[in-house]
Amino acid sequence: MIKKTIETNVSIYNFEELDESQKRLINKAKEQVNKAYAPYSEFHVGAAVELENGEIFAASNQENSAYPSGLCAERVAMFFANAQYPDIPVRMLAIAALTSGSFLAEPITPCGSCRQVLLETEMRFEKNIKVLLYGTNHVFEIDNVKQLLTLCFEKNSLNR
Ligand code: THU
């Protein structure tokens with residue numbers, strides 16, 4: 001029997017320590033919470049995606065009375081970006097969430113379905129997507145989506 005440890009490396013920053021492009025993307029994600037349609041959970045999420053060409057797409061969660069029909073902010077933003085620019089890799093993603101009128105103190109972490117969708121984009125372009133998870137106390141930075149979804153199922157899994 002062999003035991004293996006799979007690590008996820010997270011860099012933890014104060015917002016002020018981030019560089020200008022990171023701050024800008026987080027601020028775009030924060031702005032988007034005001035556009036969320038979240039009457040059921042009242043959990044307002046914003047996501048912003050920066051492409052290699054510098055273009056930014058930002059989006060929010062969109063809920064539905066038939067609950068599973070709604071979609072998280074990350075997937076709305078990523079699908080939107082990929083639909084507009086199918087040939088341009090994504091460089092960075094930022095996520096922020098607001099509930100009861102305040103941004104979360106601890107960084108918001110994307111759900112499993114979003115991680116799977118984000119990974120598809122990372123694999124599709126063979127380019128790491130830097131992930132920034134915003135909290136008022138600190139910001140998590142993860143170098144790529146693969147680290148958020150270890151032992152993942154991806155396109156190469158289909159050919160094993
Ligand atoms: N949600 C997101 O948009 N992103 C996340 O990372 C976690 C959850 C949304 C889905 C739903 O509209 C609400 O937040 C509560 O789960």
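Trainee: Where does E141 fall at 6% relative accessibility, buried or exposed?

Mentor: Buried: the relative accessibility of E141 is 6%. The cut-offs are under 20% relative accessible area for buried, over 50% for exposed, and partly exposed in between (1.4 Å probe, protein chains only). This is a predicted model: local features need pLDDT of at least 70, side-chain atom pairs count only at pLDDT 80 or more, and totals for chains, interfaces and linings use all residues. Residues are numbered from 1 along each chain as its sequence is written, and side-chain values use heavy atoms, with hydrogens and water left out.

Trainee: Which residue forms a salt bridge with E141?

Mentor: The general idea comes first. Side chains of opposite charge can pair when their charged atoms come close. Here the partner of E141 is K130, with the closest N and O atoms 3.2 Å apart. A salt bridge needs a side-chain nitrogen of Lys or Arg within 4 Å of a carboxyl oxygen of Asp or Glu. E141 sits in strand 7 (residues 139–142) and K130 in strand 6 (residues 130–134), so the pair ties together parts eleven residues apart in sequence. Helices (H or I, at least four residues) and strands (E, at least two) are DSSP runs, numbered from the N terminus. K130 is partly exposed, at 27%.

Trainee: How many salt bridges does the structure hold?

Mentor: Seven. Look at E50, which is buried at 2% relative accessible area. R24 bridges to E50, with the closest N and O atoms 3.3 Å apart. That pair links distant parts of the chain: R24 in helix 1 (residues 20–32) and E50 in strand 2, 26 residues apart. R24 is partly exposed, at 42%.

Trainee: What is the N to O distance between R91 and E50?

Mentor: R91 and E50 meet at 2.7 Å, N to O. This pair also links distant parts of the chain, R91 being in strand 4 (residues 90–99), 41 residues from E50. R91 is partly exposed, at 32%. R24, E50, E52, R91 and K127 are linked in a network of salt bridges.
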